[in-house]
Amino acid sequence: MIKPATPVDEATRIGALRALDILDGAPEERFDRLTRLAKRLFGVPIALVSLIDTNRQWFKSCDGLSVSETSRDISFCGHAILSDDILLIPDTLLDERFSDNPLVVNDPHIRFYAGCPLRAPNGSRLGTLCLIDRQPRTFGADELEPLRDLAQMAEQELAAVQLATTDELTHVSNRRGFVRLAEHALSLCRRLGTPASLLFLDMDRFKQINDRYGHAEGDYALRSFAGLLTTTFRDSDVVGRLGGDEFAVLLTNASAQASADALARLQQAADAHNLAGARGYELEFSAGQLAYDPALHGSIDALLQEADALMYECKRGRRATA
């Protein structure tokens, strides 16, 4: 047996998967409908919507199996997400990667596998829609496109899940998505004893941009500021638009000094943006910086509330010196 390799974008991929907040959730008819249809169309006993987590594959929909997850090390779908192409195994006993795989020699005795990768909107491959048979079988070219069509439908459903946690204008997390991701990140920091910091950011004079230049220009300013956030901070940092002109960034495994350094880089990026731009206004912001203390901050909401207060102190200070 050959274990699946790790995708080159693993950190980004896992981030996109966790952002969906879908793992270990209840069955949903929109996904179950797809696996039922796959079984009927292709005449296989098992069809799955499988998502590849850090150490496991978890089945969002599972028709024909009694388990909800297996180890990633023995998963077929772990191999399938290494490419955009459909992974097709006509006979597992003839493939050195799988011939002695526990899922082949033991229940469910997989002999045929066809898995089409499911991509997130950012291009990361999160899992597969896959077909499994206990008998070897051929799979013609005329069957590949229907499988891709079903996978595309599954991708659309995953995208719909993401829309519920993503700000449509800026494409960063909305408040709901930010809170969910931040809760997971803080839980991990508590277990590992690693530091975290929160930045609460508010765009200065945003109302004047809207009033003078119109709401379309205001939307452009929001997108531009969100772009500065996503390019300045690390892929592992959680960036969100909380509403209106308010944003937040949670930096994990980052000291107070590292957080301050990141905030300084954001200011430099904003200065460079303003120097290069010619839209009649500048992107300016006030920020509240707060180190996470598990003893004081029992929830992400408590952390946000305190950082919000610090941001307003910063804003009042900026107004006083303007």
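The following exercises, with worked solutions, concern a predicted model.

**Exercise 1. Determine the order of the strands in the open sheet and identify the strands at its edges.**

Solution. 
Step 1. The open sheet is built from 6 strands, arranged in the order E3-E2-E1-E6-E5-E4.
Step 2. The pairing in this sheet is antiparallel. In general, strands of a sheet pair through backbone hydrogen bonds, either parallel or antiparallel.
Step 3. Strand E3 (69–71) and strand E4 (87–89) each have a single partner strand, so one side of each is left without a neighbour in the sheet. These two strands therefore stand at the edges.
Step 4. On average, neighbouring strands of this sheet are turned by 25 degrees against each other, direction ignored.

**Exercise 2. Decide whether Arg-13 is buried or exposed, and describe its surroundings.**

Solution. 
Step 1. Arg-13 belongs to helix H1 (residues 10–20).
Step 2. The relative accessible area of Arg-13 is 1%. Buried means under 20%, so Arg-13 is buried.
Step 3. Not counting residues up to four places away in sequence, Arg-13 touches several residues, among them Pro-7, Ile-52, Asp-53 and Arg-72.
Step 4. Arg-125 is also touched by Arg-13; the backbone oxygen of Arg-125 lies 3.4 Å from a polar atom of the Arg-13 side chain.

**Exercise 3. Locate Phe-98 and decide whether it is buried or exposed.**

Solution. 
Step 1. Phe-98 is in the loop between E4 and helix H4 (102–105).
Step 2. With a relative accessible area of 0%, Phe-98 is buried.
Step 3. Beyond residues up to four places away in sequence, the contacts of Phe-98 include Leu-87, Ile-89 and Val-104.
Step 4. Phe-98 and Ile-2 are 96 residues apart in sequence, while their C-alpha atoms are 6.9 Å apart in space.

**Exercise 4. Characterise the packing of H7 and H8.**

Solution. 
Step 1. The axes of helix H7 (residues 206–213) and helix H8 (residues 215–232) come within 7 Å and cross at roughly 145 degrees.
Step 2. From H7, Phe-206, Ile-209, Asn-210 and Tyr-213 meet His-215, Glu-217, Gly-218, Ala-221 and Leu-222 in H8.
Step 3. By class, this contact of H7 with H8 has 5 nonpolar, 3 polar and 1 charged residues.

Methods: Residues numbered from 1 in each chain as written. Predicted model: local features only at pLDDT ≥ 70, side-chain atom pairs only at ≥ 80, totals over all residues. Heavy atoms only, no water. Pairing = 2+ DSSP bridges. Helix = DSSP H or I, 4+ residues; strand = E, 2+ residues; numbered from the N terminus. Axes fitted to C-alpha atoms, helices over the stretch in contact; angles between N-to-C directions. Buried < 20%, exposed > 50% of the residue type's maximum accessible area, 1.4 Å probe, protein only. Polar contact = N/O pair within 3.5 Å; in protein donor to acceptor, adjacent residues only side chain to side chain. Contact = heavy atoms within 4.5 Å. Nonpolar A, V, L, I, M, F, W, Y, C, P; charged D, E, K, R; others polar.
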